[in-house]
2 protein chains.
Amino acid sequence: MTTPPEMRLLGLAALPEVTPNMDLADLARHAVRDAGETFHDGDVLVVTHKIVAKAEGRLVDLHTVEPSAFAHEWAAAWGKDPRHVEVVLRESARVVRMDRGVLITQTRHGFVCANSGVDASNVPGEEVVCLLPLDPDATALAIHRSLKEATGAHVAVIIADSFGRPWRNGIVNVAIGVAGIAPLIDYRGQADDFGRTMQVSVLAVADELASAAELVMGKVSRCPMALIRGYSFDNRQQGSARELLMDPTTDMFR
Amino acid sequence: MTTPPEMRLLGLAALPEVTPNMDLADLARHAVRDAGETFHDGDVLVVTHKIVAKAEGRLVDLHTVEPSAFAHEWAAAWGKDPRHVEVVLRESARVVRMDRGVLITQTRHGFVCANSGVDASNVPGEEVVCLLPLDPDATALAIHRSLKEATGAHVAVIIADSFGRPWRNGIVNVAIGVAGIAPLIDYRGQADDFGRTMQVSVLAVADELASAAELVMGKVSRCPMALIRGYSFDNRQQGSARELLMDPTTDMFR
């Protein structure tokens with residue numbers, strides 16, 4: 001009997017409402033302490049994009065937004081708020097699909113998602129929307145370094161958001177910022193259980209970690225972070241969420 | 001200090017090689033016992049598609065396959081094995097994309113994935129490939145019922161495979177068969193933390209559970225099942241993996 005791989009996930013709850021310039025690493029350390037834990041080497045901290053955006057002051061009051069004629073027209077056709085449409089268009093680098101009231105865009109970071117990730121839930125104020133963080137990789141790295149300094153532990157940090165995808169219903173949490181861990185594991189060239197070389201097995205583990213964390217964070221439970229313990233990874237391999245973005249020249253669904 | 005949500009994942013290792021007609025519920029019970037555990041109400045068992053396919057005898061010896069002229073031509077153009085291409089085409093209901101050596105198809109179940117899910121890794125024999133299970137929902141339900149009968153516990157069962165997706169690199173584990181749990185959670189109409197109605201939040205939790213399980217199963221660690229404990233779900237809501245398939249009329253990426 002060998003010890004099977006085991007992983008533990010802890011939703012980090014009871015945080016105060018995040019306001020601009022709040023120190024998220026500090027917040028995480030307090031949340032972990034409140035959960036009766038401390039950070040260990042090899043832990044993974046998953047942070048929802050929304051508190052990152054809030055700490056960065058990436059909230060937009062729709063009263064301050066003047067929609068373009070294009071935003072007005074499309075919003076009217078599909079019963080949308082033209083100011084919200086305007087913000088989505090401003091946050092996009094490219095419109096991927098725009099049909100039946102659904103706006104799928106590519107953001108300046110390169111993410112393809114609905115509404116450029118602009119979102120009105122869990123945001124204070126009646127007519128306020130939340131943008132994606134400006135540079136989630138940089139924020140993940142800052143939290144990673146700050147936790148290293150404060151605790152001595154190598155903690156991988158993943159900033160996550162829930163995105164839809166073609167072909168399958170429902171949204172799933174994915175990684176939009178990564179630090180202290182490689183977002184992809186390349187099994188190509190490794191032998192399988194029968195000694196044969198594996199063919200196409202590049203696993204998007206950062207996305208899987210983000211999805212796993214969602215299961216303890218939930219949407220309405222005010223758990224904007226999760227601690228994952230026991231996931232085995234090589235902490236000398238570090239990467240960026242940009243590695244998760246498909247090269248447009250090889251993407252057959254661009 | 002409230003108790004934060006906590007979830008535990010256990011890779012179930014040390015199984016014998018699965019052969020046709022093997023009882024997977026029985027195998028799962030033994031694996032859980034070998035891990036020093038028993039099944040509890042509310043556990044989720046994730047099973048990799050490959051052992052389901054093996055138990056169903058869904059292995060094809062490529063020596064027995066006669067490729068069509070079409071398979072020959074495409075395989076030659078892209079340096080593929082024409083017999084493998086033939087099997088992929090036979091397993092598909094529709095070719096979604098066929099370019100640059102990549103064959104993305106829709107299977108008869110309705111899944112859109114590379115190569116109809118036909119796969120040559122972790123399969124015994126030099127020239128043998130593994131097909132997707134015939135009816136993963138039915139298999140999940142059979143395992144779910146069998147575990148209920150043997151242990152009295154309500155155990156959700158998810159059959160999982162790793163699929164690629166547009167826009168993002170790497171494959172992630174998703175649910176292709178589901179029993180004893182609703183694959184989607186619909187938050188629409190619920191209030192967020194600020195009392196505002198949530199807008200577009202249908203979470204594909206079965207896919208997130210499958211992804212989470214992959215992190216303890218791995219690709220080469222001979223852990224074809226995982227036990228997830230502590231995920232909170234309503235066991236009166238039950239569903240099918242078909243709910244995860246987007247209606248073609250609303251899929252903008254068909």
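## Chain A as a whole

In chain A, 62% of the contacts with a separation of 6 or more are between residues 24 or more positions apart. The model described here is predicted. Buried residues account for 48% of the 254 residues in chain A.

Six helices and twelve strands are found in chain A. Its radius of gyration is 19 Å, close to the 18 Å given by the globule rule for 254 residues, so chain A is as compact as a globular protein of that length. Along the principal axes, the C-alpha atoms of chain A fill a box of roughly 65 × 45 × 25 Å.

## Two domains in chain A

Chain A is divided into two parts: domain 1 covers 8-58 + 133-242, and domain 2 covers 59-129. The centres of domain 1 of chain A and domain 2 of chain A, taken over C-alpha atoms, are separated by 26 Å. Where they touch, domain 1 of chain A supplies ten residues and domain 2 of chain A supplies eight residues.

On the side of domain 1 of chain A that touches domain 2 of chain A, the elements giving two or more residues are α2 (49-55) and β8 (156-165) of chain A. The largest share of this side, three residues, comes from β8(A). Sorted by class, this side of domain 1 of chain A has two nonpolar, two polar and six charged residues.

## A three-stranded sheet in chain B

Chain B contains an open sheet of three strands in the order β4-β5-β6, with antiparallel pairing. The strands β4 (92-99) and β6 (112-114) of chain B stand at the edges; each has a single partner strand, so one side of each is left without a neighbour in the sheet. On average, neighbouring strands of this sheet are turned by 25 degrees against each other, direction ignored.

Strand β5 (residues 102-107) of chain B is joined to β6(B) by three bridges, and the two run antiparallel. B:Thr105 has B:Cys113 in β6(B) as its bridge partner.

B:Ala140 lies in helix α5 (residues 136-151) of chain B. Is this residue, B:Ala140, buried or exposed? A residue counts as buried if 20 or more other C-beta atoms lie within 10 Å of its own. B:Ala140 has 29 within that distance, and is therefore buried.

Leaving out residues up to four places away in sequence, B:Ala140 touches B:Val157, B:Ile158, B:Ile159, B:Gly177, B:Val178 and B:Ala179. Of these, B:Ala179 is 39 residues from B:Ala140 in sequence, while the C-alpha to C-alpha distance between them is 5.3 Å.

How values were computed: Residues are numbered from 1 along each chain as its sequence is written. Chains are lettered from A and ligands numbered from 1 in the order in which they are written. This is a predicted model: local features need pLDDT of at least 70, side-chain atom pairs count only at pLDDT 80 or more; totals for chains, interfaces and linings use all residues. Helices (H or I, at least four residues) and strands (E, at least two) are DSSP runs, numbered from the N terminus. A residue is buried if 20 or more other C-beta atoms lie within 10 Å of its own, exposed if 12 or fewer, and partly exposed in between; C-beta atoms are placed from the backbone. Two residues are in contact if their C-beta atoms, placed from the backbone, lie within 7 Å. Two strands pair if DSSP finds at least two bridges between them. Axes are lines fitted to C-alpha atoms, for helices over the stretch in contact, and angles run from 0 to 180 degrees between N-to-C directions. The radius of gyration is taken over C-alpha atoms; the globule rule is 2.2 Å times the number of residues to the power 0.38. Domain bounds come from an automatic or database domain assignment. Ala, Val, Leu, Ile, Met, Phe, Trp, Tyr, Cys and Pro count as nonpolar, Asp, Glu, Lys and Arg as charged, and the others, Gly among them, as polar.
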